[in-house]
Amino acid sequence: MDVTLLLIANIVPLYIIIALGFISGKWMDVNLPSMATVVIYILVPVVNFGAIAQMEFTPEYILLPIIFFIISAFIGTVSYLTSQQIWKNDIANLIGMGSMAGNTMYFGLPVILVLLGTEWVGVYLLLTLATFLNEIGLGYFFGARGSATVKGALVKVIKLPVIHAIWLGLLYNVSGFTLPEVFTLYWNYSIGASIIIGMMIIGIALSKQVKLEIDIKLLLSMFTPKFVIWPLSGFGFILLDMHFFHLYGSEIYQMLAVFTAVPLAGNLVAYAATLDLHPERAAAAVLVSTILGIFTVPAAIFILKLLS
């Protein structure tokens, strides 16, 4: 099967999960903050602890999250400061939070599994760690600043369990111990559960709206960093490595193409819900970007083939 068709076939179920989330929220009275809490405070910490505890660190792969951590922080900060001049309200906080990362986990990971298989999941999760740290750190700080002081926003970040899951995972990794088989089994279950619930949250948030409000100005403000600046950064890095540094192979290039072309982060809706930062408008933006994702991700892989 053609790679593009294969990608589309594996992306379509994600939209079905969103629809199931909408049905759950509309007619089963599923609560958005509760679902968001399950993802943020239980599943995401477990997934990240397990990934970091099992990861094999090599110099060239460690460089990836460092570089893209810096890129993520730069894009997010510029987007936040620019949006403050345009919006003059807490929408700027939502944009700053949303520009830090894309849906690299719930949307990107299934694509990577199709393209590269399970043996590359560890490296991909290491790459996603870059934007995830910014998403839960600087990005969450930008979001929390909409309703808290600097000190209050920092306290909210420090209280996130995933922060502690990451450093505990690092400690476990350097200790040399291996994870028990039963933990690995349930860690794999947690990955699947986080993908399903993470995508369902988008649908649940949409179901809570009286009507779907598509704000073109907001979409432009959020899509410019996500679908323009991020892909340009990713392909810029790929071209530099192809022609000058020669550190990575085609597998890493495919990861970067997917990584920078995915839609807005699904966690954006969860964080917006916990911070009471326009979760419905965030959900609408994430939905539209997720619809675009069925085009942007295959297009990124196609462009990569042309460059190769």
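Is the crossing of helix 3 and helix 11 left-handed or right-handed?

Modeller: The crossing of helix 3 and helix 11 is right-handed. The contact behind this packing involves Tyr61, Leu64 and Phe68 on the side of helix 3, and Ile252, Leu256, Phe259 and Thr260 on the side of helix 11.

An α-helix has 3.6 residues a turn, so residues three or four places apart point the same way.

As to the geometry of the pair, two packed helices are described by the angle between their axes and the distance between the axes. Helix 3 spans residues 59–87, and its axis makes an angle of about 25 degrees with that of helix 11, the two axes lying 13 Å apart. Angles under 35 degrees count as roughly parallel, and helix 3 and helix 11 are therefore roughly parallel to each other.

The protein chain has a mean pLDDT of 84, with 93% of its residues at 70 or more. Helix 11, residues 250–261, has the highest mean pLDDT among the elements of the chain, at 94. The lowest mean, 64, belongs to helix 7, residues 150–158. Where pLDDT is low, the predicted coordinates should not be read in detail.

The loop between helix 10 (216–245) and helix 11 contains His246. Although His246 is not a glycine, its phi is positive, near 55 degrees. His246 counts as exposed, because its relative accessibility is 53% and the cut-off for exposed is over 50%.

Helix 12 itself, residues 267–275, is largely enclosed by the rest of the structure, because eight of its nine residues are buried. The buried residues of helix 12 are Asn267, Leu268, Val269, Ala270, Tyr271, Ala272, Ala273 and Leu275.

Asp29 is placed in the loop between helix 1 (3–27) and helix 2 (32–54). With a relative accessible area of 65%, Asp29 is exposed.

Methods:
Residues are numbered from 1 along each chain as its sequence is written. This is a predicted model: local features need pLDDT of at least 70, side-chain atom pairs count only at pLDDT 80 or more; totals for chains, interfaces and linings use all residues. Side-chain values use heavy atoms; hydrogens and water are left out. pLDDT is the predictor's confidence in each residue, from 0 to 100. Helices (H or I, at least four residues) and strands (E, at least two) are DSSP runs, numbered from the N terminus. Axes are lines fitted to C-alpha atoms, for helices over the stretch in contact, and angles run from 0 to 180 degrees between N-to-C directions. Angles under 35 degrees count as roughly parallel, over 145 as roughly antiparallel, 65 to 115 as roughly perpendicular and the rest as oblique. A crossing is left-handed if the near helix is turned anticlockwise from the far one by less than a right angle, and right-handed if clockwise. Contact means heavy atoms within 4.5 Å. Buried means under 20% relative accessible area, exposed over 50%, partly exposed in between (1.4 Å probe, protein chains only).
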